[in-house]
Amino acid sequence: MAAGAATDNDMCGRFFLQRDPAGLARYFETVNATPNHAASWNVAPTQTSLVVRRHPESGERHLDTLRWGLVPRWAKDTKDAAKLMNARADTVAQKPSFRDAFAKRRCLVPMDGFYEWRKDEAGGRQAYAVSLASGEPMAVAGLWEGWKSPEGEWLRTFTVITTEAGGKQALVHHRMPAILPPETWDAWLGAEPAEPAELLELLVPCPSEDLAIWPVDNRVGRVAENDAGLLARDRTAQPPSELDDRPPDLAAPF
């Protein structure tokens, strides 16, 4: 979704990350000073969030704050950054905006979950929150870039890779972020050798049974709305039974 209402072609355009950065640093085994980054229940393109990257010299994982919406190194300005909030798994290795970052600058984007809008037969829309049923953080495949402004200032940005949705997620939207299990993190970050074809094979839908999906208030479509109440189940909604999961305990230790 863009900054306002959702559109059929957009995915993923909003996510939430309420975790303590120190807990995320332990979970992803990062070694640098932990960024001081506030919780957000409604992260939107052009806003900042936490990203896990591999340091090119030490090989260690770092947790850093980057801006959402990729700005390629060759871009003249940053005006199209929000349009590059997502990269499709099926074209990420070929598209000029992404192919260099795919080859050299892959990252993990921690999320507690993301939002999507489901269109009903009458043309109405209902917002849904999607998280891991276990309550653990999602490690979403991403790319990052460094862009130098004409004034010599560096801007570091990221994009979220999406793949075809499967199972009950496909009842909400036809695409979803590519969520990577822990055993694939080293390969994705470049700590283990992997051919491009092997990396692309990692970008598959998360198993349906691993997800929790529940309806939430449509006010999440407004960027200014940002509070924990956004994750509360919307009890006025009547979703299909497959989309009526209970919200997991996202405050539990992980």
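Residues are numbered from 1 along each chain as its sequence is written, and side-chain values use heavy atoms, with hydrogens and water left out. Because the model is predicted, local features need pLDDT of at least 70 and side-chain atom pairs count only at pLDDT 80 or more, while totals for chains, interfaces and linings use all residues.

Start with strand β7, residues 113-119. Strands here are DSSP runs of E with at least two residues, and helices are runs of H or I with at least four, numbered from the N terminus. Five of the seven residues in β7 are buried, so the strand is mostly covered. Buried means under 20% relative accessible area, exposed means over 50%, and partly exposed lies in between (1.4 Å probe, protein chains only).

Which strands pair with β7? Strands count as paired if DSSP finds at least two bridges between them. One partner is β1, residues 15-17, which pairs with β7 in the antiparallel sense over two bridges. In this pairing F15 stands opposite F114 of β7. Another partner is β8, residues 125-132. Six bridges join β7 to β8, and the two run antiparallel. Here E116 stands opposite Y128 of β8. β7 and β8 also form a hairpin, with five residues between them. In the turn, G123 has a positive phi of about 90°. In a regular strand the side chains alternate between the two faces of the sheet.

Now look at F16, which is found in β1. Is F16 buried or exposed? F16 has a relative accessible area of 0%, so it counts as buried. Its contacts (heavy atoms within 4.5 Å) can be listed leaving out residues up to four places away in sequence. F16 then touches M111, D112, G113, F114 and Y115, among others. The list also includes S40, W41, A129, V130, L231 and L250. F16 and W41 are 25 residues apart in sequence, yet their C-alpha atoms are 4.3 Å apart in space.

Turn to charge pairs. Side chains of opposite charge can pair when their charged atoms come close. A salt bridge here is a side-chain nitrogen of Lys or Arg within 4 Å of a carboxyl oxygen of Asp or Glu. The structure holds 15 of them. One joins K83 and D80, at 3.6 Å from N to O. K83 is exposed, with a relative accessible area of 66%. D80 is partly exposed at 37%. Another joins E225 and R219, at 2.7 Å from N to O. E225 counts as partly exposed at 21% relative accessibility, whereas R219 is buried at 18%.

D244 and R233 also meet in a salt bridge, at 2.2 Å from N to O. Both residues lie in the segment after β12 (211-216), so the pair ties together parts that are eleven residues apart in sequence. D244 is partly exposed, with a relative accessible area of 35%. Elsewhere, salt bridges that share partners join R73, D100, K104, R105 and E145 into one network.

What about cysteines? A disulfide is a covalent bond between the sulfur atoms of two cysteines. Here a disulfide is called when two cysteine sulfur atoms lie within 2.5 Å. By this rule the count is zero. C107 is buried at 0% relative accessible area, and C206 is buried at 8%.

The aromatic rings come next. A pair of aromatic rings is described by the distance of the centres and the angle of the planes. Rings of Phe, Tyr and Trp (its six-membered ring) pair if their centres lie within 6.5 Å; planes under 30 degrees apart count as stacked, over 60 as edge-to-face and the rest as tilted. The structure holds seven aromatic pairs. One is W68 with F158, stacked at 6.2 Å centre to centre and 5° between the planes. W68 lies in β4 (residues 61-68) and F158 in β10 (residues 154-164), so the pair ties together parts that are 90 residues apart in sequence. W68 is buried, with a relative accessible area of 0%. F158 is buried as well, at 0%. F15, W68 and F158 form one aromatic cluster. F15 is also the residue that stands opposite F114 in β7.

Finally, charges over rings. This call needs NZ of Lys or CZ of Arg within 6 Å of the ring centre and within 35 degrees of the ring normal. R53 lies over the face of W144, at 4.2 Å from the ring centre. The charged end of R106 sits over the ring of W188, 5.6 Å from its centre.
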